[in-house]
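This report describes the pockets of the model shown below and the residues that line them.

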Amino acid sequence: MTKKHVLLMVMLAVMSASALAKSTLTLYTSQPNEDAQTTVSAFEKANPDIEVKWIRDGTSKLTARLQAEMAAGGAVPDVLLIADSVTMESLKQQNLLAAYKSPEATRFDAQLYDKDGYYYGTKLITTGIAYHSKAPVKPGSWLDLLKPELKNMTTLPSPLYSGAAQIHQAAVMGAPTLGWQYYEKLKANGAMPQSGNGAVMNAIASGSKAYGVLVDYMAIREKAKGAPIEFVFPTEGVSIVTEPVAMMKGAKNPEAAKAFIDFVLSKVGQELVLKQGYLPADASLPVPQGFPPRDSIKIMPFDAAQALADTEANKKRFADLFGSR
């Protein structure tokens, strides 16, 4: 074999290896580990030419990491899939996100995504009322938690620690029949904050508190496992955390980032959300087991930009009222 033939074979081998090489997508997500792995695996199956490298942590820790990495001149992830729209709105206002008009968004309610295409909600995690199965009153309204016979029986997550609780507070503040006075009345009726939703769930399931403000899936999943806990969607409406997805400005692989956004918003991606036990953002899909019909769930109006502007003032009012628990 001549040197020319050897050189040709080497070149063909290099070209073949290059053709088979995958592009890399870097994802930062706050999804629970199991959910994150199933999301990544499904995306890679649908996009075999893309390999996902992902890092999972809480939303506040991920945003702090982003800030530190950017301050040090490090690389940014291609895409974010984190808990709430208020954090995404903050990143948008800092000019850290890249706009992308996903064709999949046409199937979604406009309240679930940024009108300029900077972020898109992927699911609806609602906050309603959970209660122990032996509680004396079955609540149907937020106002039921103010009844004298429920004094000292209610707990709630603190917006000083929980992003979902911050969003819930902002939604309640904007509700005409609730408002800030609702928190004042909760306090007067002996409501006691916990650090986060997990602590609220444990307090109700253990029987140390009969009622609580809680995210839907925690109560519904625990009930399915046999815990003595029930969940209701109050008549005035529920607040929602939408777990939005967004592309970072300066993404190294913007095409893969767009593909990921399209995937999680697609029918297949939304069916995966349903399989994971969450309420899909796509209203054409059914609800998970244990949820009431979708048309019976009323969503409270919510403005992410206004909530962001009010965050510190709202947190201060809560701390002044309940203490910095």
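## Pockets and their linings

The lining of the largest pocket takes at least three residues from each of domain 1 (23-122 + 242-291) and domain 2 (124-240 + 299-322), with domain bounds from an automatic or database domain assignment. This is a predicted model, in which local features need pLDDT of at least 70, side-chain atom pairs count only at pLDDT 80 or more, and totals for chains, interfaces and linings use all residues. Residues are numbered from 1 along each chain as its sequence is written, and side-chain values use heavy atoms, with hydrogens and water left out.

A pocket is an open set of points on a 1 Å grid over the protein atoms alone, where a 1.4 Å probe fits, with protein on both sides within 12 Å along at least five of seven lines; lining residues have an atom within 4 Å of a point. Grid points are joined across faces, edges and corners, and a volume is the space filled by probe spheres set on the points.

| Pocket | Volume |
|---|---|
| Largest pocket | about 960 Å³ |
| Second largest pocket | about 260 Å³ |

Among the 36 residues lining the largest pocket, Thr59, Ala83, Asp84, Gly163 and Ala164 are the closest to its centre. Helices supplying at least two lining residues each include H3 (59-71), H5 (163-174) and H11 (304-322); helices are DSSP runs (H or I, at least four residues), numbered from the N terminus. H3 gives the most, with five residues.

The second largest pocket is lined by 17 residues, and the closest to its centre are Ala170, Ala171, Gly174, Ala175 and Pro301. H5 and H11 are the elements that give two or more residues to this lining.
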